[in-house]
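Work through the exercises below with the coordinates open. Try each task before reading its solution.

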Protein chains: 2
Amino acid sequence: MIETPYLLFLGDAPDMLAAKVAIGIRDWRPEHAVGQISLPGCGADLGLTEMTLQEALDAGAKTLVIGVANRGGLISPAWKEVLVKALELGFDIASGLHNLLRDEAELVAAAQANGRTLHDVRVPTVNYPIANGVKRSGKRCLAVGTDCSVGKMYTALAMDKEMQARGMKSSFRATGQTGILITGDGVPLDAVIADFMAGSIEYLTPDNDEDHWDLIEGQGSLFHVSYSGVTMALVHGGQPDALILCHEPTRSHMRGLPDYDVPTLEELRDVALPLAQRANKACQVVGVSVNTQHLSEEEAVAYLKEVEDRMGLPAVDPYRHGAGRLVDALAAL
Amino acid sequence: MIETPYLLFLGDAPDMLAAKVAIGIRDWRPEHAVGQISLPGCGADLGLTEMTLQEALDAGAKTLVIGVANRGGLISPAWKEVLVKALELGFDIASGLHNLLRDEAELVAAAQANGRTLHDVRVPTVNYPIANGVKRSGKRCLAVGTDCSVGKMYTALAMDKEMQARGMKSSFRATGQTGILITGDGVPLDAVIADFMAGSIEYLTPDNDEDHWDLIEGQGSLFHVSYSGVTMALVHGGQPDALILCHEPTRSHMRGLPDYDVPTLEELRDVALPLAQRANKACQVVGVSVNTQHLSEEEAVAYLKEVEDRMGLPAVDPYRHGAGRLVDALAAL
């Protein structure tokens, strides 16, 4: 578990796109973010109070979170200066970068000298079990996508927020770096050893109250040949009671795979549901979440209506219109 | 690559079942095995010449292969004495045990002092790429199973042997510890990091002559909730042109999962083929391989005929009757 609250490090992010992690924390766990800290030339601004390290410390911050992707995969000298200073002042540091904090000798030395912790959330710290497939109590919902990066994390977070607002019992269960940094906990599934993938998801979503919902962050896609095995482990390890189908309708091919068409929502349903029912016979597809960011409001509304009529399922863009109808569908199960 | 030929170490194997790795090498690569070496109380006998370390060395052996599972997951003092002596005499050691040679200080010291190599084939030694899904030249056949441990490796090895005998171009591609020790090379797929599973299979089965067949060793089962993600990576990373369905008809439930029924061969076909066609539209199911070890000859013949009639595919037990008809089916593609 990463100690909260956080100071969000934006570094020299060229633009807002590079600050995806920081934006996620600001949007979904604003109570965890006391402020932001930037370097000269930073093109991202979260609209939080810009703070020095000392100001953030005085405001109660415990952990400096790397909220930005680094250019060229390197932790630059300019970054390192701030990170070392943060450790000296008493911050832990948390990062989801590919290159690890623990591989930087200066950071390791400063953390050791000051008794601080470096959290590389990309690296599993638990010895996960082999999945045993035993039915667990409580309910689980998994977001599955026609492709990678179509809004699965956003959908699960939005549903969790709505359920919390309604006083329902729910937990967002992070399976990727951004989700783990947002919530402070989770399984970095893409970094888990193959044999233990499904077991890590069983571990992440244990027995719970019968009226509690785990909202499991999806990864990859059953149709994405690079990552489908990871998705399969979620479908079987998660034992979902409910699937939400996620889609981005303007994509011309699978992300990173120019020769691969994006499947239809019907194809996704027809592949994902029988596979999910292998681990949980009662599993149902309960709704569709569409990322309509590249459509106008009018186009989005028309597209959602068309999907809804075609599939007989509530179809929403949770970013534009909220996750209320998806939560209604869960509540009706 | 592990240097051949081998001396096969049987240790204090309680019985032949424990010597699965050694049996595999003897059966499939007899030219790699100069002899066997046992400890007092060993209950396994491969029928090879029992040799001292020195005799094996004189016969040309380069590597001592641990051909046996160890009891309780420990490398015992009795084993260690032989292994250290082997390193001192000039052997490399290769092992697929869960507990690693490299974690044993005495073995590491002896290997370093004598300039020898410890091969822990359970641990990947390659940084595999992320799969790119690009169509590769040459042909690939993948064995998929209704369950784990139904004869997928045996099927692929038997087909490879038959194809070699016919002068066809083929390569057995190992994806598990036993297969790697048998052939000296391969991908230990269950130990690969999730994100790189499919990429490791692309790496294992690269572009080749158009009339060359990779016979890819299957792992797990799409229906086995503990390991299905591993199988999925094979189905997509392998880009198979041909699938062989593997089955063990007397199993009452999935291996290790008492609450899970074994699917029918039709269910396996109907799930595996559409998934495989995602990566290779031309993929076909070409045959059925049945492990009939728990049936009498008469029962086996009747069962195979029934499957063949029902599914319209050649159905054979390659152990009893050879892999010829499965190879005929590949050749006919």
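The model is predicted: local features need pLDDT of at least 70, side-chain atom pairs count only at pLDDT 80 or more, and totals for chains, interfaces and linings use all residues. Residues are numbered from 1 along each chain as its sequence is written, chains are lettered from A and ligands numbered from 1 in the order in which they are written, and side-chain values use heavy atoms, with hydrogens and water left out.

**Exercise 1. Determine how chain B is related to chain A.**

Step 1. Superpose. Copies are fitted by least squares on the C-alpha atoms of residues with pLDDT of at least 70 in both. A rotation of 180° with 0.0 Å of shift along its axis places chain B on chain A, with an RMSD of 0.0 Å.

Step 2. Compare the contact surfaces. The same surface serves both copies, as 100% of the contact residues of chain B recur in chain A.

**Exercise 2. Is Val235(B) buried or exposed, and what is in contact with it?**

Step 1. Locate the residue. Val235(B) belongs to helix α8 (residues 228-237) of chain B.

Step 2. Check accessibility. Val235(B) has a relative accessible area of 1%, so it is buried.

Step 3. Collect contacts, leaving aside neighbours within four places in sequence. Among them are Leu142(B), Val144(B), Leu222(B) and Pro240(B). Ala272(B), Leu275(B), Ala276(B) and Ala279(B) are also in contact with Val235(B).

Step 4. Take one C-alpha distance. Gln277(B) is 42 residues from Val235(B) along the chain, and their C-alpha atoms are separated by 9.0 Å.

**Exercise 3. Describe the packing of α3(B) and α4(B).**

Step 1. Get the geometry. Axes are lines fitted to C-alpha atoms, for helices over the stretch in contact, and angles run from 0 to 180 degrees between N-to-C directions. Helix α3 (residues 77-89) and helix α4 (residues 105-114) of chain B pack at about 10°, with axes 8 Å apart.

Step 2. Classify. Angles under 35 degrees count as roughly parallel, over 145 as roughly antiparallel, 65 to 115 as roughly perpendicular and the rest as oblique. Therefore α3(B) and α4(B) are roughly parallel to each other.

Step 3. Name the contact residues. α3(B) supplies Lys80(B), Leu83(B), Val84(B), Leu87(B) and Glu88(B), and α4(B) supplies Glu106(B), Leu107(B), Ala110(B), Ala111(B) and Asn114(B).

Step 4. Sort them. Ala, Val, Leu, Ile, Met, Phe, Trp, Tyr, Cys and Pro count as nonpolar, Asp, Glu, Lys and Arg as charged, and the others, Gly among them, as polar. The contact of α3(B) with α4(B) has 6 nonpolar, 1 polar and 3 charged residues.

**Exercise 4. At what angle do α9(A) and α10(A) pack?**

Step 1. Read the geometry. Helix α9 (residues 265-279) and helix α10 (residues 297-311) of chain A meet at about 45°, with axes 11 Å apart.

Step 2. Classify. α9(A) and α10(A) are therefore oblique to each other.

Step 3. Name the residues. Leu265(A), Glu266(A) and Arg269(A) of α9(A) make the contact with Tyr303(A), Val307(A), Arg310(A) and Met311(A) of α10(A).

Step 4. Sort them. The contact of α9(A) with α10(A) has 4 nonpolar, no polar and 3 charged residues.

**Exercise 5. Look at the backbone: which peptide bonds are cis, and where is phi positive?**

Step 1. Check omega. The bond from Thr4(A) to Pro5(A) is cis, with omega near 0°. Thr4(B) and Pro5(B) are also joined by a cis bond, with omega about -5°. Pro5(B) lies in the segment before β1 (6-11) of chain B.

Step 2. Check phi. Ser149(B), not a glycine, has a positive phi of about 55°. Ser149(B) is in the loop between β6 (139-145) and α5 (152-165) of chain B and is partly exposed, at 41% relative accessible area. Gln239(B), also not a glycine, has a positive phi of about 45°. Gln239(B) is in the loop between α8 and β9 (242-247) of chain B and is buried, at 0%.

How values were computed: Helices (H or I, at least four residues) and strands (E, at least two) are DSSP runs, numbered from the N terminus. Contact means heavy atoms within 4.5 Å. Buried means under 20% relative accessible area, exposed over 50%, partly exposed in between (1.4 Å probe, protein chains only).
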